[in-house]
Amino acid sequence: MVSLSSALQQHLSQPLIIGSVTLHSRVLQSPLSGVTDRAFRQLVRRYAPTSMLYTEMVQATGVCHAQQLEKIMDIDAAEQPISIQLFDCRPDFMAAAARKAVAAGAKTIDINMGCPVNKITKKGGGSSLLREPEVAEAIVRTVAEAVPVPVTVKTRIGWDDQQINAVEFARRMEAAGAQMLTLHGRTRSQGYHGPARWEWIAKVKAALDIPVIANGDIDSVAAAVRCLEQTGADGVMCSRGTLGYPFLVGEIDQFLKTGIMPIAPTPVDLLRCAREHLGLLWRYKGQKGIHQARKHMAWYIKGFEGAAPLRQKLCQITTVDEGYDLLDGAVLTVKLQYRPFCPT
Ligand SMILES: Cc1cc2nc3c(=O)[nH]c(=O)nc-3n(C[C@H](O)[C@H](O)[C@H](O)COP(=O)(O)O)c2cc1C
């Protein structure tokens, strides 16, 4: 049985204060490139009405030049509170992009200092900033001076096991003006492998005055509670646990607020949610949305008995109607499988 200690309950019952922004939820939906677009956020928002949502990361230089990236920053007033995440290594470009992001409606500006992808680290962005703390400080300071909203940082515990510098790095970001820090409990070399090392999150939490949000392996209510108890963090951020499961942030939020364990969605609920997600991607992105929907559909049916042939078909859809037909057919099959036996 999952339960919260009274000390933790007391701590979590307070709003989360990020500089001038007050949040009434301590569960956050992480930025996920290729995932946290308007369609996905609309579903997360339904179950988590007060949680902070994040856009996919936006390259600061791209914001100035590419129309495509302006689409990433396309946010709706109903989505608030929402943060726009930026990445780059040039403070002046970051500041210019941050001003645009605020004009687009960002409640906070988050700076990505954790992305492990070579294409980004080679250019000095993402997790490579862990090895360039002076540049990271300059970015935070310049952006904080440029915008009237809080600036936050999302980073990892270090570059690799030989260079774990989370505590010192986090202190420097706080001193430079960061108003909240989210820590993914893995090194850059770990990528997404191996368990998240929450003990480092506890050390960073103990060292900072600003809120510290725990990230990594928060994939259930139980994991969130365990992490909060072990780290003393001010909140949790959900990531891969939300792929094909936009209910997660809301479920954890409900439990932290009420102590009541949420009722898990049924397979039919998941299929209906997948259908709605497909429809939203079609509405917002047209044909490109159909292609993007394929991976989402596969995530929704992960773990379903005999899902392989359905997954294969869903991964080949070219029209929204093909997807609807497959998902509607699956709803029918699931309902028949689960129909209780009624003797006549
Ligand atoms: C598909 C995918 C896309 C991601 N995109 C971003 C991103 O745009 N910005 C970011 O800060 N982190 C990004 N991340 C990292 C996650 O936000 C998170 O830090 C990481 O997955 C650890 O949490 P988890 O173990 O719960 O998945 C991404 C991760 C995945 C799997």
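User: What counts as a polar contact here?
Analyst: A polar contact is a pair of N or O atoms within 3.5 Å; within protein, one must be able to donate a hydrogen and the other to accept it, and residues adjacent in sequence count only if both atoms are side-chain atoms. This is a predicted model, where local features need pLDDT of at least 70, side-chain atom pairs count only at pLDDT 80 or more, and totals for chains, interfaces and linings use all residues. Residues are numbered from 1 along each chain as its sequence is written, and side-chain values use heavy atoms, with hydrogens and water left out.

User: OK, how far is the side chain of Ser 239 from the ligand oxygen?
Analyst: An N or O atom in the Ser 239 side chain is 3.4 Å from an oxygen atom of the ligand. For Asn 215, a side-chain N or O atom lies 2.5 Å from a ligand oxygen. Ser 30 has a polar side-chain atom 3.3 Å from an oxygen of the ligand.

User: And how many residues surround the ligand?
Analyst: There are 17 (a heavy atom within 4 Å). Ser 33, Gln 85, Lys 154, Asn 215 and Arg 240 are the closest.

User: Switching topic, what are the domains?
Analyst: Domain 1 covers 6–258 and domain 2 covers 267–338, with bounds from an automatic or database domain assignment.

User: How far apart are their C-alpha centres?
Analyst: The centres of domain 1 and domain 2 are 29 Å apart. Their contact (heavy atoms within 4.5 Å) takes 15 residues from domain 1 and 14 residues from domain 2.
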